[in-house]
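Dear colleague,

Please find below the structure that I am handing over to you. My notes on what was found in it follow directly after.

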Amino acid sequence: MGALLLSSLGNGLCFPFTAIYISQLLGLGGRAAGGYFIAMAAASFAAALAGGPLADRGSPHRVGALGGAALAAGYALLAPAGSVVLVLVSGVCVGAGFGLFYASIVGIVDIAVPESGRRSAFAIRHIVNNAGIGLGSVAAGLALHGAATPVGALRWLYLANGLAALPLIAVILGVRPRARPGREQRDSATEKPESAEPSGGGPTYRTLLRARPMALLILAQALFAIVGFTQIEATVPLLMHDHMAITLGWVSAVVAANSFALIALQPLLRRQLERLPETVSLAAGPVLWTGAFGCGLGAALAGEAAPAAVRYGLLLAFAVIFAAGELMYSSAFYPLLLRWSGEESVGRASALASLAWNLGTASGPPIGLFIVANASATGSWLALAVGAAAAFMVAAALHTSSGLGRLTAGA
């Protein structure tokens with residue numbers, strides 16, 4: 001988690017500025033910036049599909065380390081970039097790195113902790129990732145503030161981002177695969193002695209998606225990104241600033257409150273999260289988001305005439321309740337993915353989850369911004385709440401389908 005924090009901090013140094021850096025500061029234009037993101041998305045899609053079976057056939061650590069190396073190379077290449085070709089090569093490396101990394105990280109975390117610690121581990125991973133990006137963004141803002149040559153400062157930040165991935169590679173390779181307790185006995189009982197590494201002969205992508213619980217779980221992943229995570233990052237700040245006359249300082253305070261609430265609530269909710277069935281916890285996430293968007297709706301209805309304590313209090317309540325929903329999701333989604341995919345196909349299932357997440361993060365912001373551009377403040381908050389309710393319906397259907405059992409090759 002410490003190495004992941006450092007890597008996420010490196011990502012936070014750069015990701016808000018990449019389009020500006022390529023198009024304006026390097027003088028390559030909007031087409032080059034668009035080409036970078038297209039190359040990154042295409043490479044991520046291909047690498048995730050290829051990385052899933054690779055993680056299942058061998059060790060997820062090798063796939064994860066390869067992904068980390070591609071990320072380091074890709075970001076480092078942007079430091080000296082001065083041509084479209086180098087920018088596109090960087091995009092391919094970064095996309096491939098993310099695709100391989102997210103196809104393997106679930107298996108890596110699972111091996112590093114006992115089964116009883118899965119839910120806490122994945123919740124903490126979510127917090128660490130967000131905290132690192134937030135800290136990196138603050139550090140980048142301080143580094144770029146008043147810089148005489150922003151392009152020169154950004155070159156150093158991209159180099160630092162590449163270097164920040166190196167400790168993660170070392171740690172991934174250091175956490176070696178080992179058999180789960182009792183696995184050796186199971187192998188012996190079936191007279192099929194094997195190594196601790198899976199053979200990769202599990203279900204294919206098509207087989208996984210034919211099973212209703214897994215298909216609903218992947219659909220839920222995409223919906224949670226569309227109606228939840230991307231909306232608090234892209235839509236809600238614009239909604240508060242443009243439609244509710246909230247100052248930039250208070251917009252930043254609401255976003256920061258969400259990040260701090262993630263850190264504060266995790267130890268407070270840990271025991272409650274562990275008691276809840278995972279499918280119930282997953283369904284509770286969008287329920288809390290609906291309530292959070294309701295707080296935003298209340299602030300919009302109160303208007304500028306309302307006391308500041310009421311208006312800003314409701315917005316801060318939105319940030320905290322939304323964070324609780326995030327913890328519900330992060331503590332339940334990947335443990336369910338692990339349980340229903342089985343050890344022999346966790347890489348493929350992780351790749352599917354990564355692809356669903358990428359689809360959601362690509363489509364969520366345009367949908368949210370379209371709503372803000374064509375609806376009032378109250379209409380926008382209401383639309384966001386309806387979206388969260390739709391995600392709950394999928395999660396509720398997942399709960400009712402969970403009795404179908406674990407999705408293994410034998411099933």
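I begin with Ser281, which is found in helix α13; helices (H or I, at least four residues) and strands (E, at least two) are DSSP runs, numbered from the N terminus. Ser281 is buried, at a relative accessible area of 0%, where buried means under 20% relative accessible area, exposed over 50% and partly exposed in between (1.4 Å probe, protein chains only). Leaving aside neighbours within four places in sequence, Ser281 is in contact (heavy atoms within 4.5 Å) with Arg119, Leu273, Leu276, Met328, Ser331 and Ala332.

As to provenance, this is a predicted model, in which local features need pLDDT of at least 70 and side-chain atom pairs count only at pLDDT 80 or more, while totals for chains, interfaces and linings use all residues. Residues are numbered from 1 along each chain as its sequence is written, and side-chain values use heavy atoms, with hydrogens and water left out.

Arg339 lies in helix α14 (residues 308-341) and Glu278 in helix α13 (residues 278-302), so that the pair links distant parts of the chain, 61 residues apart. Glu278 counts as buried at 10% relative accessibility, whereas Arg339 is partly exposed at 39%.

Another pair of helices may interest you. Helix α3 (residues 29-57) and helix α4 (residues 60-78) pack at an angle of about 165°, with their axes 10 Å apart. Axes are lines fitted to C-alpha atoms, for helices over the stretch in contact, and angles run from 0 to 180 degrees between N-to-C directions. The two helices are therefore roughly antiparallel, the word used for angles over 145 degrees. Tyr36, Gly51, Leu54 and Ala55 in α3 meet Pro60, Val63, Tyr75 and Leu78 in α4.

Finally, the overall figures. The protein has 16 helices and zero strands, and 51% of its 411 residues count as buried. Among contacts between residues at least 6 apart in sequence, 84% join residues at least 24 apart.

With kind regards

Definitions and conventions
Angles under 35 degrees count as roughly parallel, over 145 as roughly antiparallel, 65 to 115 as roughly perpendicular and the rest as oblique.
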